[in-house]
Amino acid sequence: MRKLKFIICLLLATGLSVRAQELRAKVTVISNRVSSQTDKKIFQTLQTALNNFLNNRKWTNDAFQSQERIECNFLINIDQALENNAFKASLTVQAARPVYNSSYLSPLVNYLDNALTFRYAQFTPLEFNENRIQGSDPLASNLTATLAYYVYIILGMDYNSFSLKGGDVYFQKAQNVVNNAPESRDITGWKAFDGMRNRYWLTENLLSARYTLVHDAMYDYFRNGFDKLYAAAPEGRKGVLEALNKLNQVNTEQPNSMILQFFMQGRSDELIRLYSKAPPDEKNRARDLLQKIDIANGPRYQQELK
């Protein structure tokens, strides 16, 4: 099995063996910004189709138990309706991972992608072939390619959190989507020249030898950190602190990198909760590191971890 079973005793007792899909995904499509002249039924149909696309497809070759499915949310906020059933939108991707021996879910991914342009005709089947991503209609292909890309990122982050660099195969799949992404003048986010914070640069960072320590830090953060908190809180905090030390080393060598911002996004609340009750010296060390790594939340760390 791919990772630690949280209810192994129950499974052994009942002899239960269930193959399930990898994701427990919820897709929400919001169309408040779109003119009332657009038939809003298309967005409800799209929402249903995307939920089926993500949850009913097999994304790995591994067997997942039902309780192992990755909790994730995809929020598509339609910004503008274009001609011929084309739309501009933003996509928020969130995923979480259960902490061992608890009901707590720790963030894996919390990311906003503002560069989603796609075409969707009502009731048209959603298709994705990782070996032939560019379809006859680039804008239609861009929708499923983008969703598949973030599925692979989520899988990579999840596997990384259970085994050292265990997610590389899925980051490589994400890079394959980047390399073969649909091309059109209306499509952005897949190229190096589209900006410094996009799908291209995320996979580039995740697969670059420059950021090997980030992968070590991911493993420390979850397996040597949060997974140990409920049995041995000091040991768990020490594991997280070791992860923060590694992230700080990367930040010193490669300041303002996308991968660090990607990992830290949405993580400040749990880190403040974790170290707010730590011994003073430990709290001070965590605060000093976090202010360097997560500059955007520096004032919060300063105030709440003093």
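Guide: The account below begins at the pocket and then turns to the helices and the core.

The model is a predicted one, in which local features need pLDDT of at least 70 and side-chain atom pairs count only at pLDDT 80 or more, while totals for chains, interfaces and linings use all residues. Residues are numbered from 1 along each chain as its sequence is written, and side-chain values use heavy atoms, with hydrogens and water left out.

A pocket here is an open set of points on a 1 Å grid over the protein atoms alone, where a 1.4 Å probe fits and protein lies on both sides within 12 Å along at least five of seven lines; its lining residues have an atom within 4 Å of a point. The largest pocket holds about 360 Å³ of space, a volume being the space filled by probe spheres set on the points, which are joined across faces, edges and corners. Its lining comprises 18 residues, and Pro 125, Glu 127, Gly 135, Ala 140 and Ser 141 lie nearest the centre. Helix α3 gives the most to this lining, with 3 residues; helices (H or I, at least four residues) and strands (E, at least two) are DSSP runs, numbered from the N terminus.

Ser 141 belongs to helix α3. Ser 141 counts as buried because its relative accessibility is 11%, where buried means under 20% relative accessible area, exposed over 50%, and partly exposed in between (1.4 Å probe, protein chains only). Beyond its neighbours within four places in sequence, Ser 141 is in contact (heavy atoms within 4.5 Å) with Ile 133, Gln 134, Gly 135 and Pro 182.

Arg 119 stands 22 residues from Ser 141 in sequence and 8.1 Å from it in space, C-alpha to C-alpha. Arg 119 lies in strand β4 and is partly exposed, at 24% relative accessible area. Its contacts, leaving aside neighbours within four places in sequence, are Glu 83, Asn 84, Asn 85, Ala 86, Asp 137, Leu 139 and Ala 140.

With neighbours within four places in sequence left aside, the contacts of Phe 74 include Leu 147, Tyr 150, Val 151 and Ile 154.

Helix α5 (residues 199–207) is largely enclosed by the rest of the structure, because 7 of its 9 residues are buried. Among those buried residues are Arg 199, Trp 201 and Leu 206. Trp 201 has a relative accessible area of 19%, whereas Tyr 200 is partly exposed at 28%.

Helix α6 is likewise largely enclosed by the rest of the structure, because 8 of its 11 residues are buried. Its buried residues include His 215, Asp 216, Tyr 221 and Phe 222.
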